[in-house]
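Biologist: I would like to go through the charged pairs in this model. Could you take me through them one at a time?

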Amino acid sequence: MKQICLIYLIFTTFLSVVARGEDRPNVVFIMADDLGWSDTTLYGHTSLFETPHLQRLADRGMLFERAYTVSPLCSPTRSAVLTGLHPARTGLTAPTCHLPGEPILKPALNPKTAKHHKLLSLTKPNRLDTNYPSIAKRLKKAGYATAHFGKWHLGKAPFTALEHGFDIDIPHWHGPGPAGSYVAPWRFPDFEEAYPGEHIEDRMADEIEAYLEEQAKSDKPFFLNYWQFSVHGPFNAKQEYIDAYRDEIDPKSPQNSATYAAMVKSLDDNVGRVLDTLDRLDLSDNTIIFFYSDNGGNMYSEVDGTVPTSNLPLRGGKGNNWDGGVRVPGIAVWPGHIAPGSRSRERITSTDFYPTILDLLGMSPDTDQVFDGVSIRPALEGEAIDRDYIFTYFPHATKVPDSFPNSAAVYDDEWKLIRLLHHAHDGSHEHWLYHLKTDVGEINDVATDHPEKVKELSVALDRFLADTGAVYPTPNPNYQAPKKFEGQPNAILIYTDDHGWPDIGVADIYDDLKTPHLDALAASGVRVTNGYSSAPQCVPSRGGLLIGKYQNRFGLESNKEALDGFNSEKTIAERLKTVGYTTGQIGKWHLGLPSEIVDHGFDHVYAKNANRPCFANFTAAGETIEMQQVNDGLYHLDGCSQAATAFIDRHKDQPFFLYLAYRAPHVPLDAPEKYLSRFPGEMPERRRQALAMISAMDDGVGQIVAKLKETNLTEKTMIFFIGDNGAPLKIHKTDAPGGGPGWDGSLNEPMNGEKGMLSEGGIRVPFLLSWPGMVPAGEVYDTPVIALDATATIAAQAGIQVKPADMDGVDLIPQLTGSRTPPRALYWRWTEQAAIREGKWKLLRGGESSYLFDLEKDPGEHSNVKADFPQVFTKLDQKLHVWGSELKPAGISNESLSRAATLFFKHYLDGGKKTALDQKK
């Protein structure tokens, strides 16, 4: 109460001073670029970054705990600060003002938007219209000297700071960041460094110091706009600062970039230099200072092998409408008028600064001038601001993680409603609701629990968008939806056994293969180059596939584990039966007794995986029988192919799911002469056997495709062709006679490792998807996917509603037909090994050993770059351990590898391996 009374008394004194027109205060507006809410010491969420001068500034005045920007990107926020108008009103909603081309000042919907786009696209403004009455113009008209220093990003001439009311514009640069580098040499066209290695923020402080020295001699008040380049990319800094922070890095902290920490230090240094200059010239007591950032911290670029920063505990960052993208540091200072060391939890936003400055200076807006913000003077007096809502607006979608489609958001004192514009299935808006008072991380969408609050905030958002005349993407009247399968498609899931990633002809790695039918299947659909199994061994891989989630979640770790967890889960076959599918299992089962396959949702079973009697309730000719042992004398791969075509023919008039699991080229190697004779010449006999067995499978694929064509089911049937794990090489690929354990003749090179390892050779597998008319033909898809995605895709396309906890896979069809690929990590745990792949990075643990690979540069996993990118390793390791905590049993093992696994790791990953194909002879 005493502090509020003090603020009231000093503010009453201030008003009387302004009313008499004495000593009109100067105004300094400092705005950082991409400085996140957690990037300073102001709010207690960093242990790395040092901002003593920002703390010093906050100690002189008021720190705002809930300062927001109107947009999660720079140019829209800058325009709002300068004009007091929301980007929803100006239409300047994207950081486009550095782009070449003719000036565009107003947004417009493009009626000629391509028919495959669901919403009309926007023609985006690329300059800030000089007709807007900017704060600089207004103060200049009132007798203020005006100067802009630093980043502009609202347009090049004739849309620079000079045309928007500033007398001075240094360095007079329209780009999105410093020209080329923070540290000279720069590439500004008319602005050279004063000395080698000069930092641009140091130079801005020099220029500001010189400017203030001149203003101190004048009776004219000034408005100084210092929009820092920091801490936007490019990511570089003073080398001595970077070196100093390297020893301070905590790999376990989400903020672990020495370069970014050095950039924050330069930002803070030069805020301090501005304060020092104001103090030295006796200007501080009569100068209003605001500090702000244009959007949240950048969590998505790469620097030092990690991301620049983290906005935790907030969600998201620059480029999306989560609070991490729009909540920023905010400070207001005026010695003698704003109580020092005060704090406010009032919501403020970008459009508030212009009306606030006018209010503090006792000035009125121009006639008919509109503001989308309010004066925050009440907050500076320690009182509540008379406002109901603030709004953020970003009618675009970025490619950063955590992003979402075109959106707007509305806040009241406790709640936040995010609207995805025209994103619902019926073309209406979709809404998410968060109670920020109890859920600052925006984790729990409670829209369904609070429909009245959704309605209230939605009405407020409607009113705001109508009042501002916002132009945003609306449904495209010419939209033609991608071809959608009418009804329920058939699904055939072909699963091979110990089949190396490159061992199909279309991979174009080995020339000894003959797989014309698989190559044709790939030509009719998509070949996934980064397709993975969920385990490097048969049983867990198959268990995960049929359930659609990581098998470790239900305790199926390896071949030796009990099947209780699997038996308690619901297979894809069981789910499909609930929506009218008939189901079939053919070939290898390996998940319990073959006689019990029907208990897992399969109506029709032909469980043949060897040249001996098999359990079946239908014959290879399609005849229904009681479940019994059948000895039809067929080569097991041929029998499976015949049974598959018979199954298709018999069930062609109803939706079906067929799980065809060829036991090939798994040992025992048993190809008959008709297939072996296709591969004459000198080669290891085990390689000849593998080629023959793969050729037999290839024939079967040809027969299946032919049967689908014959029964007019080609466009009604999706076919997956996936391997269960990599080939076993037994390190030396010994060409021992007979068909028993050892190398099965298949190959994994150029992938490193083999079956039983979580290196690429153990888990990257052949992966094809064909669905003529529904997925593009002849496409190569490089985004990492996992076999669990096949299950999720089949479920989704069949119309099965599954909860997120039911499946870990994702529906691949939207991704393969043009939708934005959501970023995600893939995970593995197998006995004492564990791995995670995210983007190009893969972390692999094997007992006490650990590795980091850049798979874009090193797909063969030959160079462990863990020491070069410790932050990347730590970030991935944290994610891996979080995932591991969800498994059964929980955790990531640190136990030593078995003797055999130790030999494998030493041979493949620790430098013992010779050249590729070293033992083909």
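This is a predicted model: local features need pLDDT of at least 70, side-chain atom pairs count only at pLDDT 80 or more; totals for chains, interfaces and linings use all residues.

Biologist: Where do Lys588 and Asp497 lie?

Modeller: Lys588 is in the loop between β18 (582-587) and β19 (604-607), and Asp497 is in the loop between β15 (490-496) and α13 (516-523), so the pair ties together parts that are 91 residues apart in sequence.

Biologist: Is Lys588 buried or exposed?

Modeller: Lys588 is buried, at a relative accessible area of 4%.

Biologist: Which residue does Glu760 pair with?

Modeller: Glu760 forms a salt bridge with Arg764, and their closest N and O atoms are 2.7 Å apart. Both Glu760 and Arg764 are buried.

Biologist: Turning to Glu838, what is the N to O distance in its salt bridge with Lys875?

Modeller: The distance is 4.0 Å, N to O. This pair links distant parts of the chain, as Glu838 belongs to strand β28 (residues 833-838) and Lys875 to helix α23 (residues 870-884), 37 residues apart.

Biologist: And why does Lys875 count as partly exposed?

Modeller: Lys875 counts as partly exposed because its relative accessibility is 26%, and that class lies between the 20% and 50% cut-offs.

Biologist: Last topic: which residues are linked in a network of salt bridges?

Modeller: Asp206, Glu209, Glu213, Arg273 and Arg280 are linked in such a network.

Methods
Residues are numbered from 1 along each chain as its sequence is written. Side-chain values use heavy atoms; hydrogens and water are left out. Helices (H or I, at least four residues) and strands (E, at least two) are DSSP runs, numbered from the N terminus. Buried means under 20% relative accessible area, exposed over 50%, partly exposed in between (1.4 Å probe, protein chains only). A salt bridge is a side-chain nitrogen of Lys or Arg within 4 Å of a carboxyl oxygen of Asp or Glu.
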